[in-house]
Amino acid sequence: MSDGYEGATPGFLVWRLSMKWRVAVDRAVAPLGLTHAQYSLVASLHGMQRSGERPSQRRLADRTGLEPLYVSKLARALETAGLLERTRDPRDPRAVQLALTEQGRAVTRRAIEVVHGLLGQLLDPLGGLGSARTREFTRELTALLDAPLDPFSENETEQP
């Protein structure tokens with residue numbers, strides 16, 4: 001482990017890793033006219049569309065972990081850029097459905113390739129994308145993401 005992180009808490013390390021990733025993705029997708037948050041939105045939308053889904057903004061917010069209001073703001077900017085379409089859901093007039101345009105699909109496919117290469121670099125110290133260590137790391141991350149967090153409850157095992 002790097003000397004700079006000796007004694008660091010897991011929370012701090014998660015924060016640093018997430019910031020390192022966010023900055024790297026921002027830089028990698030900037031030439032495609034995207035930010036990291038926009039990439040998260042279009043890449044998730046791309047995957048959902050490939051599964052035959054035309055999600056609402058709310059469903060996409062749930063999928064990405066972004067706040068619904070932020071998804072709405074990002075979707076409007078991506079619509080202005082010609083990368084996605086926002087339409088009213090015929091089953092629920094309050095809901096807005098999202099779909100990538102042809103241009104949006106092309107930009108997203110390219111961005112996914114770029115970020116996939118970046119992911120390979122990130123996971124290289126664990127043996128690469130297909131390694132046993134990466135699979136275990138993925139399981140551990142999933143367990144942490146599945147754990148409920150309530151900022152208003154006290155953790156009895158931790159001292160102030």
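Residues are numbered from 1 along each chain as its sequence is written, and side-chain values use heavy atoms, without hydrogens or water. In this predicted model, local features need pLDDT of at least 70 and side-chain atom pairs count only at pLDDT 80 or more, while totals for chains, interfaces and linings use all residues.

A pocket is an open set of points on a 1 Å grid over the protein atoms alone, where a 1.4 Å probe fits, with protein on both sides within 12 Å along at least five of seven lines. The lining consists of 34 residues, and a lining residue has an atom within 4 Å of a point. Leu-17, Ser-18, Trp-21, Leu-141 and Leu-145 lie nearest the pocket centre. Two or more lining residues come from each of α1 (10-29), α2 (36-50), α3 (57-64), α5 (102-123) and α6 (132-146). Helices are DSSP runs (H or I, at least four residues), numbered from the N terminus. Helix α1 gives the largest share, nine residues. By class, the lining has 21 nonpolar, 10 polar and three charged residues. Nonpolar covers Ala, Val, Leu, Ile, Met, Phe, Trp, Tyr, Cys and Pro; charged covers Asp, Glu, Lys and Arg; the others, Gly among them, are polar.

The axes of α2 and α3 come within 10 Å and cross at roughly 110°. Axes are lines fitted to C-alpha atoms, for helices over the stretch in contact, and angles run from 0 to 180 degrees between N-to-C directions. The two helices, α2 and α3, are therefore roughly perpendicular (65 to 115 degrees). Ser-40, Leu-41, Ser-44, Leu-45 and Met-48 of α2 meet Arg-59, Leu-60, Arg-63 and Thr-64 of α3. Contact means heavy atoms within 4.5 Å. Four nonpolar, three polar and two charged residues make up this contact.

Ser-44 lies in helix α2. Beyond its neighbours within four places in sequence, Ser-44 touches Leu-60, Arg-63 and Thr-64.

Val-71 belongs to helix α4 (residues 68-80). Leaving aside neighbours within four places in sequence, Val-71 is in contact with Leu-41, Gln-57, Ala-61, Thr-64 and Leu-66. Val-71 and Leu-141 are 70 residues apart in sequence and 24 Å apart in space, C-alpha to C-alpha.

Technical notes:
Angles under 35 degrees count as roughly parallel, over 145 as roughly antiparallel, 65 to 115 as roughly perpendicular and the rest as oblique.
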